[in-house]
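Trainee: Could we go through the pockets of this protein together, one question at a time?

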Amino acid sequence: MKQVLILIYVICFWGKLHAQETVDNVKQTEISQKVEVLLAKMTLKEKIGQMNQYNGFWNVTGPAPTNGGAAIKYEHLKSGQVGSMLNVRGVAEVRKVQKIAVEETRLGIPLIIGFDVIHGYKTISPIPLAEAASWDLAAIKKSAEVAASEAAASGINWTFAPMVDISRDARWGRVMEGAGEDPYLGSKIGYARVKGFQGDDLSKKNTIAACAKHFAAYGFAESGRDYNTVDVGMATLQNTIFPPFKATVDAGVKTFMNSFNELNGIPATGNAFLQREILKKEWGYKGFVVSDWGSINEMVAHGYAKDKEQASELAANAGSDMDMESYGYVNHLEKLIHKGKVDIRLIDDAVKRILTVKYELGLFDDPYLYCDEKLEKSVIGSPENQAAVLDMAKKSIVLLKNEKALLPLNKKGQKIAVIGALAQDKNSPLGSWRLAADDNTAISVLEGLKNYKENTITYAKGVVLTEGKTDFTLETKINEDDASGIAEAVALAAKNDVVIMVLGENGFQSGEGRSRTTLDLPGLQQKLLEAVYEVNKNIVLVLMNGRPLTINWADENVPAIVETWHLGTQSGNAIASVLYGDYNPSGKLPMTFPKSVGQIPIYYNYKSTGRPTIPAPNMVFWSHYIDESNEPLYEFGYGLSYTSFRYSNLKLSKSTFKNGEKIILSCTLTNTGKIEGKEVVQLYIQDKFASITRPVKELKGFKIISLKPGESKEVGFIIEEEMLQFYSAKGIWEAEEGDFNVFVGGSSNTILESEFELVD
Ligand code: BGC
């Protein structure tokens, strides 16, 4: 009976899937027919117009702009020479520009409105690196859904997210915007975020098109300096950098953005290998590629194009479909086609891709679909959205150290000193990519802590933390010279039972253009920490930052350390609930914390080298530093809980298998502590020898397991041939037969180990 029921279920499920597929195919065919019909009516100028994207310029209340740049944009908008705008937001503003496109141009083609909805729109969720620390794909997807719903309600159709750049260099300020160093975790998160933004129907009022960026290798900028040169071999490109991009294609991402960097001598924007060969041909990607801001023009500064005209030629031929703010296509493409430098078929292809996404968004059926004032009012900042970002924020926190049982804090009878300007900062937790958020709208740590009323809380700033600016100008001096508040903070610390020190980076010390050469606590914060420690050792260090930091002194001396990143609107509430134990932290680091900047690039899935270990005491000729260990401060995947877990009993269903077969791996996880908790159980595999050298281990699976005190659960993973595939010496994705090690544990410093063999 049971089998019959299962069979009926499988048939129904398959039938439903199949029916959905058929509906989708019919819809796609209809759209491509409509696109063809429209394309046939378009003049060359109008086609090129679709490939042109401008930054917002319109002032809702003013008359038509007359000043230089704005006037040109306005003229182009009216003559159908603009396909998209970015940084126009709010229903009133969007309606205004859309109206011109729809009602004043010859063909009335609607604009697609783009915006950097990087981690939330107005209700801000944790920075992506923080979200990645949750390893919770359902929560991450939900967070993208919330962001999409608010942006869509505000007239936006398209976000320039997710950024899926893998990075092994915490000096690079944009590590805050990605999922960290690992291609497997990065792929899962990229996939989840695309699904969250786009949903299953792009024409719904609460979904927007996503954009996988920056294609490719932007996170591998030399010396961590933003926009810098990238030089990486094919194996790293294929095995490390590409997988998260490929995952977003599998998730159906509608757009891609190329990147500012050059890759092995060719700027990504003019790189046909990336955009045509890999993306559009090999991966069969059907969406469009937008350039990064002005990146077509930047090919002149790169020394790859003689002038803007040639830059436009190179970009169009290489597969960049839309020009963001270079004015290259709008000014030069027509000429280039007449001169025979760019084939009209490439233009048609680009325009078809762009129009298709507009059709899919439902913009042709109703160009004002996303311009609903009522929805705008009710969705943005709604209690449900606040609850979702709070949940995400709690899940993103990583407990790095907890000695002397300092945490969780007692809820009563404690005198607590809170020290550090970041504790009362309502701006920094919003991070640097929060363009639509109102300044100073995050719940500060101080506000969060004050919800727990039965302890006394007193506050001292300690050292001044210069506020970051929202206008993207550079901060030159950041809390570096005013030590006048240290004495007051020390006096306060001496009078209290516990000191919560909130230290780290302000919201604008990480992000685009914010590369650093040191990863220490900026300015005078280390001095403040050490001064307070002299008088009170019961310190809980709450870190607020957008990248891994080198906090060796704190790790050696401070009993409790909590990594809270930049957690968004609900930051203070999330932090307080973790500090007080109302939420038991379960986050795990998505990026290695180095001991020293000199170790960078540092990552868990490194290669062995020929001299990986010391051959004899005091021997110098092995791969190491003479002034620092090779070990990180905190490894990838690391994070503690208020309870403890034991891993035991690793079993494999067989030790040898062939393609098409599976190995079932199981182990037992036990909660050996006193409270309920969640653990991210991580599976790693090492390919012991292959046609190209392979990493010492690679993440291949993970599961979040929740356990009551004393409870045990069996945790299972399936190992199959596909998981062992890599870009081999033959230049193809394949698994090579041979020996593998398999590891399981609560971080990349794994606990259990076994081995198996793949045979022919
Ligand atoms: C960034 C992109 C961003 C674009 C538009 C660029 O500077 O690199 O990630 O989407 O600006 O704001």
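Trainee: Which residues lie nearest the centre of the largest pocket?

Mentor: This is a predicted model, in which local features need pLDDT of at least 70, side-chain atom pairs count only at pLDDT 80 or more, and totals for chains, interfaces and linings use all residues. Residues are numbered from 1 along each chain as its sequence is written, and side-chain values use heavy atoms, with hydrogens and water left out. A pocket here, on a 1 Å grid over the protein atoms alone, is an open set of points where a 1.4 Å probe fits, with protein on both sides within 12 Å along at least five of seven lines, and lining residues have an atom within 4 Å of a point. Of the 41 lining residues, those nearest the centre are Gln28, Asp200, Leu202, Lys254 and Glu360.

Trainee: Which helix gives the most to the lining of the largest pocket?

Mentor: Helices are DSSP runs (H or I, at least four residues), numbered from the N terminus. Helices H1 (2–41), H6 (137–153), H7 (183–198) and H13 (344–360) each supply at least two lining residues. With 10 residues, the one that gives the most is H1.

Trainee: Which residues lie nearest the centre of the second largest pocket?

Mentor: Its lining draws at least three residues from each of domain 2 (31–377) and domain 4 (645–759). Of the 34 residues that line the second largest pocket, those nearest its centre are Tyr184, Ser187, Pro243, Glu722 and Trp733.

Methods
Domain bounds come from an automatic or database domain assignment.
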